[in-house]
Amino acid sequence: MSQSADAVVLDVDGVLVDVADSYRRAVVETVAREHGLDESVAAATVQPLKDAGGFNNDWVVTDAVALYALARDRGYDADPTTFAARVAEAGGGLSGARAVLADAVGTGLEDDWDPERLRAVFQALYLGRSRYRAFEGGDPPVEAPGYAEGEPVLVDEATVAALRDRATLAVLTGRPAREAEVALSRAGLGDVPPERRVTMDDDLPGKPDPAGLVALADRVDARSVVFAGDTLDDVRTARAAGEADLDRIYRGVGVLTGGLTGAEGRQKFHDAGAWRVVESVNDLPALVD
């Protein structure tokens, strides 16, 4: 059944563009390069951490996986799923990961942890040389063609047109603004004005904090908002917005083109409080009246 909505807010990664071989690949390869963690182990750690909450920023995911690699070198034997579950119990996010690992292996773990180096390597792998120099300044610390170039677009032109006919479109993403612009332009949404975008560059807390979503609702004067995202934190953001802003209706839609897929992903979204779960963002117009 469709519902009326004044605004449709879209996440970018895993909704408008596929980042499995770009952002997520950069997480895995960064930690493999810098800390020698087997790529299969690193890859198996990413989605459980996303599910744990507080990892909307892939630089933060990289930090947590790097710390996990350092802890494994010190004898920490929890598998990725168990580690992520303990992080969730500790409150999620990087603070949760640091607390879990400090408790497990003691002090000194972070002596060999260099977030700035990790971020630079990540950006070099993701952006490639020319974009790194344009976005970050200077030469990249490692050479790579730039995984951003290969991000498949997930949203159809017809879907964008149909959503525009039904509601005001806005964007809520953990990407830096310039990286968001690249993806939005490729997805046919480059004309979404800056006031209808919330990115990492805004002075607002990241998801699942509802501040960004509520800010967008304020800016477009929406009474009802549908927010579509590919992570549990996206759904949690919509729920938190409804609890924080009682004058509006917020509905969270889980999209199964990111890390959560199939029946298991659908169930996780429902358990997190999703209003609806769709196979693709291209199913969204049918939900919006």
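Visitor: Is Gly75 buried or exposed?
Guide: A residue is called buried under 20% relative accessible area, exposed over 50%, and partly exposed in between (1.4 Å probe, protein chains only). Gly75 has a relative accessible area of 55%, so Gly75 is exposed. The structure is a predicted model, in which local features need pLDDT of at least 70 and side-chain atom pairs count only at pLDDT 80 or more, while totals for chains, interfaces and linings use all residues. Residues are numbered from 1 along each chain as its sequence is written, and side-chain values use heavy atoms, with hydrogens and water left out.

Visitor: Where does Gly75 lie?
Guide: Positions are given by helices (H or I, at least four residues) and strands (E, at least two), which are DSSP runs numbered from the N terminus. Gly75 belongs to the loop between helix H3 (58–73) and helix H4 (80–89). From its C-alpha atom to that of Leu10, 65 residues apart along the chain, the separation is 41 Å.

Visitor: Where is the place of Gly36?
Guide: Gly36 is in the loop between helix H1 (23–35) and H2. Its relative accessibility is 60%, so Gly36 counts as exposed.

Visitor: In what order do the six strands form the open sheet?
Guide: Strands are said to pair if DSSP finds at least two bridges between them. Here the order is E3-E2-E1-E4-E5-E6, and the pairing is parallel. Strand E3 (197–198) and strand E6 (276–278) are the edge strands, each pairing on one side only.

Visitor: How many bridges pair E1 with E2?
Guide: E1 and E2 pair over four bridges, in the parallel sense. Within this pairing, Thr168 in E2 is the bridge partner of Ala7. E1 also pairs with E4 in the parallel sense over four bridges, and there Leu10 stands opposite Ala228. For E5 and E6, which run parallel, three bridges make the join. Val255 stands opposite Val278 in E6.

Visitor: Which residues cover the two faces of E1, and are they buried or exposed?
Guide: Ala7 and Val9 lie on one side, with Val8 and Leu10 on the other. All four are buried, and both faces of E1 are covered.

Visitor: Which residues of helix H7 are buried?
Guide: In H7 (residues 157–166), the buried residues are Thr159, Val160, Ala162 and Leu163. Their arc around the axis is only 165°, which means that they are on the same side of H7. The arc is that of the directions from the helix axis to the C-beta atoms. Glu157, Ala158 and Asp165, on the other side of H7, are exposed.

Visitor: Against which strands do the buried residues of H7 pack?
Guide: Packing is read from contact, meaning heavy atoms within 4.5 Å. The buried residues of H7 pack against strand E1 (7–10) and strand E2 (168–172).

Visitor: What span does helix H10 reach from its first C-alpha to its last?
Guide: The expected span of a helix is 1.5 Å times one less than its number of residues. H10 (residues 232–244) has 13 residues and reaches 18 Å, close to the 18 Å expected. Its buried residues include Leu232, Val235 and Ala241. Among the elements that cover the buried residues of H10 are helix H2 (39–52), helix H9 (211–220) and strand E5 (249–255).

Visitor: Which peptide bond is cis?
Guide: The bond from Lys207 to Pro208 is cis, with omega near 10°. Pro208 is found in the loop between E3 and H9.

Visitor: What lies in the loop between E3 and H9 besides Pro208?
Guide: Thr199 lies in that loop. With 9% relative accessibility, Thr199 counts as buried. Leaving aside neighbours within four places in sequence, Thr199 is in contact with Thr173, Arg175, Pro176, Ala177 and Ala180.

Visitor: What is the phi of Asp221?
Guide: Asp221 has a positive phi of about 55°, although it is not a glycine. Asp221 lies in the loop between H9 and E4, and at 64% relative accessibility it counts as exposed.

Visitor: How many helices and strands does the chain have?
Guide: The secondary structure comes to 11 helices and six strands. Of the 289 residues of the chain, 54% count as buried.
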